[in-house]
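Biologist: I am new to this one. Could you walk me through how to read its features, step by step?

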Amino acid sequence: MRDEEYSPSEDTFFVANYLEKEKGTSALDVGSGSGYLTKLLSENFTFVVGTDINFVVLKNQTYKTKNLVCCNGSDALNIEFDLVVCNLPYLATDEILDAATDGGKDGFEVPKKIFDSLYKNIKVGGKFLFVTTSLSDYQKLMDHAQKLGLTPRILAKKKLFFEELILVEAKRE
Ligand SMILES: C[S@@+](CC[C@H](N)C(=O)[O-])C[C@H]1O[C@@H](n2cnc3c(N)ncnc32)[C@H](O)[C@@H]1O
């Protein structure tokens with residue numbers, strides 16, 4: 001696994017733009033990376049946790065926050081949160097060479113693993129925000145969220161050079 005953190009990029013700022021309007025008691029950032037989104041959440045939520053599968057990245061985060069856990073998805077957590085956020089490794093790839101970006105087949109394999117882990121951590125009445133791309137099979141991902149009992153809808157799209165970023169909100173009703 002590469003030890004360099006994923007620097008805040010277009011997709012990070014795309015989610016950040018929406019997070020600035022969110023407020024509540026508890027929030028979880030899965031795949032915290034540099035900690036940019038986790039730190040942003042700390043401004044409007046009382047209790048915030050960030051997780052990442054990469055221990056070295058988590059230990060050396062650029063944007064520091066208090067509650068960090070190294071695990072797959074949110075496997076180690078039994079708490080329910082008002083808001084769960086994930087800027088996923090969403091790229092469709094044959095192999096997982098870079099854990100920060102590679103999503104595996106159809107861009108579904110790694111996100112599925114993360115969804116299966118985190119849906120238990122969304123409060124009833126809470127929501128999950130995730131980013132994906134038009135280059136991956138995002139419909140498959142939304143269908144999977146629905147299978148897990150969530151109600152997904154596309155919140156926003158952003159055109160880049162050769163892809164569109166897609167922000168999805170999945171409510172647990
Ligand atoms: C695209 S980066 C996003 C980083 C940061 N949240 C941002 O928006 O800039 C994805 C992050 O997810 C982490 N990650 C990949 N697979 C994971 C998994 N199964 N469980 C938890 N974190 C994972 C990577 O190590 C990486 O830090």
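**Reading the fold**

Modeller: Helices (H or I, at least four residues) and strands (E, at least two) are DSSP runs, numbered from the N terminus. This is a predicted model, in which local features need pLDDT of at least 70, side-chain atom pairs count only at pLDDT 80 or more, and totals for chains, interfaces and linings use all residues. Residues are numbered from 1 along each chain as its sequence is written.

Biologist: Is Gln139 buried or exposed, and why?

Modeller: A residue is buried if 20 or more other C-beta atoms lie within 10 Å of its own, exposed if 12 or fewer, and partly exposed in between, with C-beta atoms placed from the backbone. Gln139 counts as exposed because it has 11 C-beta neighbours inside 10 Å.

Biologist: Which residues touch the most other members of the largest nonpolar core?

Modeller: In soluble globular proteins, nonpolar side chains tend to be buried together. A nonpolar core is a set of buried Ala, Val, Leu, Ile, Met, Phe, Trp, Tyr and Cys residues joined through C-beta atoms within 7 Å. Here the largest one has 38 residues, and Ala27, Val84 and Val85 touch the most other members. Among the elements that each supply at least two residues of this core are strand S1 (24-30), strand S4 (81-87) and H5.

Biologist: What does Val85 touch?

Modeller: Leaving out residues up to four places away in sequence, Val85 touches Val15, Leu19, Ala27, Asp29, Leu37, Leu41 and Leu129. Contact requires C-beta atoms, placed from the backbone, within 7 Å.

Biologist: What is the order of the strands in the sheet?

Modeller: Strands of a sheet pair through backbone hydrogen bonds, either parallel or antiparallel. Two strands pair if DSSP finds at least two bridges between them. This open sheet of seven strands runs S3-S2-S1-S4-S5-S7-S6, with mixed pairing. Strand S3 (67-70) and strand S6 (151-159) are the edge strands, each pairing on one side only. S6 and S7 pair in the antiparallel sense over eight bridges, and Thr151 has Lys171 in S7 as its bridge partner.

Biologist: Which residues come nearest the ligand?

Modeller: A residue counts as near if its C-beta atom, placed from the backbone, lies within 6 Å. Of the 25 residues around the ligand, Thr12, Gly31, Gly33, Ile53 and Asn87 come nearest. H2, S2 and H4 are the elements that give two or more residues to this shell; H4 gives the most, with three.

Notes:
Two residues are in contact if their C-beta atoms, placed from the backbone, lie within 7 Å.
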